[in-house]
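Welcome! Open the model in your viewer, keep the selection tool handy, and let us walk through it stop by stop.

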Amino acid sequence: MEEIIIVGSGCAGMGAAIYAARAGANPLVLEGSQPGGLLTTTSDVENFPAFPDGIGGFDLVWQMRRQAEKFGARIENASVERVDFSGGTKKLFVSGGKVYEAKKVIIAVGSSPRLTGAKGEAELYGGRGVSTCATCDGAFYRGADVVVVGGGDTACEEALFLSKFCASVKIIHRRDSFRASKIMADRVAENPKISVLWDSAVVEVKSGADGRCSAVVAENLKTGARAEIPCKCMFAAIGHAPNTAAFRGAVDTDSDGYIITRGASGVETSAANVYAAGDCADKIFRQAITAVSSGCKAAIMATS
């Protein structure tokens with residue numbers, strides 16, 4: 001039986017692994033289907049402290065991984081399919097039929113951004129002109145024309161953030177009015193750099209000779225008319241889905257599937273000796289540094 005099993009190998013998982021390993025807990029990390037987590041799809045990270053010249057997302061997570069292993073963390077390639085947290089011994093069932101047992105578990109499985117499904121989108125996602133995080137990637141498009149897809153608070157926030165340094169921001173929304181709060185919608189309406197294409201959906205993301213985004217094709221959902229909109233990047237702001245399917249029913253989750261945390265630490269779950277860290281429990285910030293921070297807290301709680 002393991003003392004601590006950490007499920008997930010992104011920033012939250014590696015943050016937890018470093019702290020748990022340094023505490024002498026000899027943690028086992030089950031890295032999941034995407035080793036290194038979502039940050040590995042980001043080409044450059046410029047807002048993580050201690051890297052004034054930026055660092056590749058893959059490199060950042062892999063340095064954390066090396067650091068965790070240096071202190072004794074063990075990492076195995078396994079994806080958890082279901083769990084049983086009902087007893088003192090926590091059981092994790094992984095693909096292939098193997099069952100892991102642990103006294104304590106830290107869930108750090110992250111979340112996955114929802115993309116539009118438009119033609120050409122997947123090929124350009126991750127550093128080639130399709131992004132799901134303006135905070136992460138917006139600064140790479142200074143002076144450029146960009147597109148934001150969505151109509152909620154997140155889309156409005158992304159557009160307002162991008163307007164600080166992009167030449168123009170066009171929001172493409174499926175409806176004829178925002179789902180966002182009035183204050184956010186008003187701020188967008190008052191911003192001269194932001195315009196909105198209503199009743200429309202992106203059906204294609206086009207690339208130029210350099211293999212990067214050059215334009216999006218939007219279709220009016222009422223008339224069927226299509227328009228090509230030149231842009232250097234399309235930011236999809238239509239939400240995230242936490243990767244928590246294997247844990248639902250074993251720990252409390254909200255209506256969107258995010259794990260509900262409690263206690264002063266903010267990492268305890270409804271199951272005893274089970275903790276949650278990172279984007280699987282955080283629908284607001286979703287930053288590498290906040291994920292590492294919550295992983296640290298989860299490890300401290302699990303080793304105290």
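**First stop: two loop residues**

Select A50, which lies in the loop between β2 and α2; helices (H or I, at least four residues) and strands (E, at least two) are DSSP runs, numbered from the N terminus. This is a predicted model, in which local features need pLDDT of at least 70 and side-chain atom pairs count only at pLDDT 80 or more, while totals for chains, interfaces and linings use all residues. Residues are numbered from 1 along each chain as its sequence is written, and side-chain values use heavy atoms, with hydrogens and water left out.

A50 is exposed, with a relative accessible area of 70%. Here buried means under 20% relative accessible area, exposed over 50%, and partly exposed in between (1.4 Å probe, protein chains only). Phi of A50 is near 85 degrees, a positive value in a residue other than glycine.

Now pick N26, in the loop between α1 and β2 (28–30). Phi of N26 is also positive, near 50 degrees, and N26 is a residue other than glycine. N26 is partly exposed, at 39% relative accessible area.

**Second stop: α1 beside α2**

Next, colour helix α1 (residues 11–22) and helix α2 (residues 57–70). At what angle do α1 and α2 pack? The angle is about 20 degrees, and their axes are 8 Å apart. Axes are lines fitted to C-alpha atoms, for helices over the stretch in contact, and angles run from 0 to 180 degrees between N-to-C directions. α1 and α2 are therefore roughly parallel to each other; angles under 35 degrees count as roughly parallel, over 145 as roughly antiparallel, 65 to 115 as roughly perpendicular and the rest as oblique.

The crossing of α1 and α2 is left-handed. A crossing is left-handed if the near helix is turned anticlockwise from the far one by less than a right angle, and right-handed if clockwise. To see the contact (heavy atoms within 4.5 Å), show C11, M14, A17, I18 and A21 of α1 together with V61, M64, R65, Q67 and A68 of α2. By class, this contact of α1 with α2 has eight nonpolar residues, one polar and one charged. Ala, Val, Leu, Ile, Met, Phe, Trp, Tyr, Cys and Pro count as nonpolar, Asp, Glu, Lys and Arg as charged, and the others, Gly among them, as polar.

While you are in helix α2, click on E69. E69 is partly exposed, with a relative accessible area of 40%.

Select C11, A12, G15, A16, Y19 and A20 in α1, which meet A288, A291, V292, G295, C296, A299, I300 and T303 in α7. The contact of α1 with α7 has eleven nonpolar, three polar and no charged residues.

Also in helix α7 is T290, which counts as partly exposed at 29% relative accessibility. Leaving out residues up to four places away in sequence, T290 touches D282 and F285.

Which residues have the most contacts inside the largest nonpolar core? They are M14 and I106, in a core of 32 residues. A nonpolar core is a set of buried Ala, Val, Leu, Ile, Met, Phe, Trp, Tyr and Cys residues joined through side-chain atoms within 4.5 Å. β1 (2–7), α1, α2 and α7 (288–303) each supply at least two residues of this core, and α1 gives the most, with eight.

Centre on I106: apart from its neighbours within four places in sequence, I106 is in contact with I4, I5, I6, V7, A16, Y275, A298, A299 and A302. A second, separate core of 23 residues includes Y141, A144, C156 and F235.

**Last stop: around α5**

Finish with helix α5 (residues 153–162), where A155, C156, E158, A159, L160 and L162 are buried. Among the elements that cover the buried residues of α5 are β9 (145–149), β10 (168–172) and α6 (182–190).

Helices α5 and α6 pack at an angle of about 35 degrees, with their axes 9 Å apart, and the crossing is left-handed. Show D153, C156, E157 and L160 of α5 with M184, R187 and V188 of α6 to see the contact. The residues of this contact divide into four nonpolar, no polar and three charged.
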